[in-house]
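Hi there,

Here is the structure I promised to pass on. Please have it open while you read the notes below.

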Amino acid sequence: MTESGDETIRLGDRYELGGLLGRGGMADVRVGRDLRLGRTVAVKQLRGDLAADDTFQARFRREAQSSAALNHPSIVAVYDTGESIDKHGSHVPYIVMEYVEGQTLRDILRGAENGRKILPERALSITADVLSALDYSHRSGIIHRDIKPANVMLTPSGQVKVMDFGIARAIADTSSAMTQTAAVIGTAQYLSPEQARGETVDARSDIYSTGCLLYELLTGRPPFVGDSPVSVAYQHVREEARPPSQLNPDVSAAIDNIVAKSLAKRVEDRYQSAADMRKDIERVLAGQAVEAPTAATAVVSGATAVAPAAPVLPVAGGARRAEPDPDDEEPESRAKWWIIGAIAVLLLAGIAFAIWKATDSPAAPIQVTVPDVAGKDVDTATRALENKKFIVSSKTETQASSDVDKGLVIETDPPAGEKRDEGSTVTLIVSEGPKQVAMPDVRQLQFKVAKEQLENGEGKFKVKREWVDNSADRGVVINSTPLVNALVDVGSEVTLFVSKGEVTIPNVVGQDIDAATKALEDLGLKVTTKDDPAAQAPDGQVTAQNPGPDTKVPPGTTIVLTVSANPGQDTDPADADGTDGGNGVLGVEADGADG
């Protein structure tokens with residue numbers, strides 16, 4: 001970001017300065033490098049032409065110390081302060097600050113002029129973050145006094161950063177500022193009325209300036225514009241701003257009320273703290289009613305403006321105001337009462353005629369179909385219903401929903417598609433997000449039982465099983481995710497950790513090899529076999545097992561089965577000996593036959 005021609009400057013042995021980032025009424029800001037920590041910083045130095053002025057030096061040092069005391073995520077952080085000596089031998093104070101990537105709101109608003117529109121919801125969100133920073137600084141005893149788009153940055157991630165805390169400019173920038181001779185600190189388009197009058201300011205002046213900032217974010221222009229700073233300042237003191245909704249139809253009445261309250265001429269009529277204004281903004285974003293009162297408006301020259309009270313002008317020279325003689329006023333008063341009486345008679349006659357007409361032929365009410373606003377936010381749904389001449393109830397109903405995101409409309413009462421009279425009240429039913437229940441305790445239960453309870457219970461959970469090594473009996477639930485009693489969305493997936501356990505080996509000796517193998521494998525065991533050709537048992541029958549029956553082993557253990565491989569399983573054992581018995585008898589019979 002170094003500009004061509006900018007030379008590298010060093011501040012002591014720690015900071016190296018690069019290109020010029022910006023120039024204000026009191027100081028210049030350059031990009032810098034912290035050589036000790038190896039990070040990019042921004043360095044603000046008192047302007048050279050002011051460095052020799054002890055008053056400016058004292059103010060700059062005092063404000064540097066105040067700024068360094070602020071530590072808030074929406075405030076540009078101050079890392080260090082110090083002094084350098086310029087080529088004229090003057091001591092020039094400087095402030096080392098956080099270097100923020102991004103754009104100022106002034107740059108973003110210039111982009112908005114070319115079609116990059118800022119939505120009202122985003123404008124409110126940005127302003128809420130600015131108010132959070134102001135609330136923190138006010139509680140720390142520091143008033144900004146120069147809130148404007150050029151002093152608020154937006155990072156690429158959308159984070160708001162307020163700059164120049166505590167820097168009350170003695171000379172404002174050349175584009176839109178009051179002069180030093182006016183003894184006013186701040187920029188004309190964002191000045192509070194008390195600043196414009198040169199009066200003492202407090203935190204509520206920052207509220208007014210923030211109202212001007214919000215106004216510009218909503219409409220693309222400041223609340224007051226003029227040919228000179230003086231004419232703009234005059235409007236801040238004497239005139240009322242047009243409601244933002246007249247310049248941007250997307251702005252709701254609730255937002256108009258917030259802007260009107262923040263731009264009140266009397267400090268007593270404004271928000272009394274940044275936190276109060278922020279709460280009203282958060283209510284609008286949440287679809288709730290705001291505390292800012294609805295301002296009475298009057299149409300003037302095609303624009304709606306808050307009607308100011310008539311000023312009381314002092315009488316010059318201390319002279320008393322001339323009062324009419326009561327005797328001179330009496331004839332005029334009598335005539336006045338006759339006129340009032342005549343008007344009253346005419347009004348009564350008009351009312352009687354209107355009642356007669358109404359009772360004589362009542363007009364059928366116009367019916368309108370309730371529009372479908374499901375899935376819309378409260379503000380958008382409200383505008384859609386009001387455009388159809390319905391009145392939206394100020395009290396929204398909430399309902400848990402797994403299908404509609406929190407804060408969006410689920411349905412209306414009466415429902416969409418039904419016909420209702422114009423002017424009927426419609427209630428919005430808004431999602432409060434998925435219903436949540438506490439995770440039940442299913443530990444020590446068999447998985448099958450635990451699964452049935454979770455799937456058929458209040459939570460309607462989707463159950464997933466994960467096997468774990470554990471000494472508990474096989475199939476017993478050891479733990480769960482989420483943990484017991486944690487709040488979980490209805491219908492969520494939960495995982496049960498189930499013990500692999502230890503298996504008791506059954507006695508399968510004497511069983512057919514196929515039946516024995518199935519019995520063992522059903523328990524999660526593995527089976528291998530070896531033949532026993534000398535076995536007396538029928539072929540394929542288990543004659544031995546290892547490990548033996550009733551032994552406890554982990555699932556997956558291999559069981560060795562010894563299986564009979566006797567092919568002569570139907571031969572009499574005595575025949576197999578070849579001695580006495582059948583063979584002997586058969587032999588005798590054979591001999592007899594020969595003889």
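This is a predicted model: local features need pLDDT of at least 70, side-chain atom pairs count only at pLDDT 80 or more; totals for chains, interfaces and linings use all residues.

Let me start with the aromatic rings. Searching the whole structure turns up 1 aromatic pair. Its members are Y15 and Y94, whose ring centres are 6.3 Å apart; the planes meet at 75°, which is over the 60 degrees needed, so the pair counts as edge-to-face. Y15 belongs to strand β2 (residues 15-23) and Y94 to strand β6 (residues 91-98), so this pair ties together parts that lie 79 residues apart in sequence. As for burial, Y15 and Y94 are both buried.

Two charged side chains also sit over rings. K261 lies over the face of Y271, 4.6 Å from the ring centre. In the other case, R474 is placed over the face of W467, at 4.5 Å from the ring centre.

Now to the helices. How do α5 and α7 pack? Helix α5 (residues 203-219) and helix α7 (residues 253-262) pack at an angle of about 145°, and their axes are 8 Å apart. Their crossing is left-handed. On the α5 side, the contact is made by I207, Y208, G211, L214, Y215 and L218, while α7 contributes I255, I258, V259 and S262. Sorted by class, this contact has 8 nonpolar and 2 polar residues, with no charged ones.

How values were computed: Residues are numbered from 1 along each chain as its sequence is written. Side-chain values use heavy atoms; hydrogens and water are left out. Rings of Phe, Tyr and Trp (its six-membered ring) pair if their centres lie within 6.5 Å; planes under 30 degrees apart count as stacked, over 60 as edge-to-face and the rest as tilted. Helices (H or I, at least four residues) and strands (E, at least two) are DSSP runs, numbered from the N terminus. Buried means under 20% relative accessible area, exposed over 50%, partly exposed in between (1.4 Å probe, protein chains only). A charge sits over a ring if NZ of Lys or CZ of Arg is within 6 Å of the ring centre and within 35 degrees of the ring normal. Axes are lines fitted to C-alpha atoms, for helices over the stretch in contact, and angles run from 0 to 180 degrees between N-to-C directions. A crossing is left-handed if the near helix is turned anticlockwise from the far one by less than a right angle, and right-handed if clockwise. Contact means heavy atoms within 4.5 Å. Ala, Val, Leu, Ile, Met, Phe, Trp, Tyr, Cys and Pro count as nonpolar, Asp, Glu, Lys and Arg as charged, and the others, Gly among them, as polar.
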